[in-house]
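Here are a few exercises to work through with the model open in your viewer. Try each task before you read its solution.

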Amino acid sequence: MRFPFITEYRDDLRLLRYRSDWWSYGALLAVLLVLPAVLGRFYLGEVAFIFVLAIAAVGLMTLTGFTGLVSLGHGAFLGVGAYAHALLMANGVPFVVALPAAGVATAAIGVAVGFPTLRLSGLYLAIATLAFSVIVEHVLGHWRSLTGGFLGLTVQRPDLFGWSLAGRTEFYYLCLAVLAGVVLAARNLLRSETGRAFIALRDSETAAAAFGVNVAWYKTLAFAVSAGVTGIAGGLYAHKLGHITPEAFGLFTSLELVLMVVVGGLGSLRGAVLGAIFVGALPQVIAFFRDVLPKGFLPTTGLELTLYGGILVLFLLFEPDGLNGRWLKIKALFQTFPLYRRRTFQRTKTYMRSERYR
Amino acid sequence: MDPWTTLAQLIVNGLAAGCVYGLVALGFALVYKATEVVNFAQGDLLMVAAFAGWTLIEVAGLPYAVAFPVTVLLLAVLGFGLDRVVVRPILGRPQFATIMLTIGIAFAMRGVVSMTWGPQARTFETPFSRKNTPFFDVVLSDVSLSIIAATAVLSALLFAFFRWSWLGIAMQSASQNQMAAYLMGIPVKAVTSLTWALSASVAACAGLLLAPIALVDIALWLVILKAFAAAVLGGFGSIPGAIVGGLLIGLVEQFVGVYLLQEAKGIAGYVVLLAVLLVWPRGLFGGGERKRV
């Protein structure tokens, strides 16, 4: 284990904790920048798709992982963002304006959901957001004059000052740039006063209120930020799909997003990205095995769902910190090689937090 | 049709649908009271029951009267096993973890059903299918009547079970205060597993009753969303509240569909759910539960 030596206050505010992290993240960025030269067109599209999912996962992570508010309805925010973006583009708004505007519109919807649900927490919030998700899908499907109903809406091709971004490589770089921007912004937000307020709210609402955190304001803000980021992801998702229908933003999408943050590891941005890679790559892995294994060996339907569910259950039972927790443990194993102790990561026992008053 | 006949028809249809919502809501009220775990897989248990019933009736050729109890028993075993193997280790973790766990179970069950039976919808014969009973001017379908009658019988049985049987009283005491129940010599862990079994068998009854009106299909699990509305309206964790809430949601849906707006029928239940949560989170029969800080 390495420990950062903090000798002055500014050290605590650094963007990255260790100097060597600059090298590793720089190397990662370099690899991602040269990837289009190496990867085939199909896989490039898939990687861009994973980037879009990662943006949405970062959005959900700020809400669920850092503020402790459960949302089972983020697929609806993705949908609102996608439809807002597509409609703006269809009305001649240029891409650079439409994408942030879609984010702002979704953030407004996020406030509209977050503010009334301030009183709700835990289970009730989960159910309320679930209901919200179903209602949005229904409205998107039945408001034919605006959304085109279940037939859907065709999305204009993106361009930047007359330069088309529709090609695979260009779209890849676009998604990469947005993802990098979102992750950086989220990291900055979370080490600021706002982020510390979010985390305080997650750990104990009462304690946070006692320290002068304005609970209502920060909860609503968390909803707005989370929905806004997810809305931006929705705009890119619309371009990825090319033609959007309400089914793309239903319950299953919402649950997939929650799957990403839980499997990735709640409470870490790295976890959000790892979770998105897991959820985005699993169908490709299955497709690969379907080609390799003899025909009929793998069932045609349901395998993906079973794996999602099974892996989620296994993670919750055996690795509640998710992929990020596993990553930290493997890193610690190598750093402290012969001296690794399992106990390092063991927290003091948590007792059941009862919702009842006895 | 004259307006009164329509009204009577709507009430019966609404009550029939509402009974199913109520039974599902009752299923997770039982588990919630016992362990504070909300079973998001309740709808999938119902779906599994419908598929199991189809297999027993259409493939194995058993008569309906035999297939019904066999399916209920199978689901009870499944519920017992779920608690033993998957859910018990996670008790004591934050509520979010338990919600995610049951969602994971739901995904896996849906996937396994879709791998085993395939995606196509199907139906099975029951003694009530395609039959009607005239009642004055109103023609009532036997399927709806069977659902209402079975729910009434089941509610009475459950009431008697919780009121007079040893196990029912043990379940109540374990859900009110686990420690005191332990001290009174109640095997709390076994009782909790049995509560899961009971909840799963209630879901099985609901599934078998619902199957004749809705097809036997993967999408059956969506019933759980309506059941959430029912449970919240009735007060979460309250057993009479679950049934009453279910009936109300069923009626609201039918009336909104006919008298207000056809498109709104599908979401009327969820709008009620959100409204109740925002204005009156305790619901109709919710007790004076307070969150401990």
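**Exercise 1.** Work out how much area is buried between chain A and chain B, and which atoms supply it.

*Solution.* Start with the total: in this predicted model, about 4,800 Å² is buried between the two chains. Then go to residues: 49 of chain A are in contact with 54 of chain B.

**Exercise 2.** Find how many salt bridges and polar contacts the rules pick up across this interface.

*Solution.* Take the salt bridges to begin with: the rule finds zero between chain A and chain B. Now the polar contacts: one residue pair turns up, with both partners at pLDDT 80 or more.

Now look at chain A's side of the interface. Helix H6 (122-142), helix H12 (251-264) and helix H14 (303-318) of chain A are the elements that give two or more residues to it. H6(A) gives the most, with twelve residues. Sorting the residues of this side by type, you get 31 nonpolar, 14 polar and four charged.

**Exercise 3.** Classify the ring pair A:Tyr83 and A:Phe249, then say which parts of chain A it ties together.

*Solution.* For context, the count over all chains comes to 17 aromatic pairs. Step one is distance: the ring centres of A:Tyr83 and A:Phe249 are 6.2 Å apart, and the cut-off for a pair is 6.5 Å. Step two is angle: the planes sit at 70 degrees, so the pair is edge-to-face. Step three is location: A:Tyr83 lies in helix H4 (residues 74-90) of chain A, while A:Phe249 is in the loop between strand S4 (243-244) and H12 of chain A, so the pair ties together parts 166 residues apart in sequence.

Definitions and conventions: Residues are numbered from 1 along each chain as its sequence is written. Chains are lettered from A and ligands numbered from 1 in the order in which they are written. This is a predicted model: local features need pLDDT of at least 70, side-chain atom pairs count only at pLDDT 80 or more; totals for chains, interfaces and linings use all residues. Side-chain values use heavy atoms; hydrogens and water are left out. Contact means heavy atoms within 4.5 Å. Buried area is the accessible area (1.4 Å probe) that two parts lose on being put together, summed over both. A salt bridge is a side-chain nitrogen of Lys or Arg within 4 Å of a carboxyl oxygen of Asp or Glu. A polar contact is a pair of N or O atoms within 3.5 Å; within protein, one must be able to donate a hydrogen and the other to accept it, and residues adjacent in sequence count only if both atoms are side-chain atoms. Helices (H or I, at least four residues) and strands (E, at least two) are DSSP runs, numbered from the N terminus. Ala, Val, Leu, Ile, Met, Phe, Trp, Tyr, Cys and Pro count as nonpolar, Asp, Glu, Lys and Arg as charged, and the others, Gly among them, as polar. Rings of Phe, Tyr and Trp (its six-membered ring) pair if their centres lie within 6.5 Å; planes under 30 degrees apart count as stacked, over 60 as edge-to-face and the rest as tilted.
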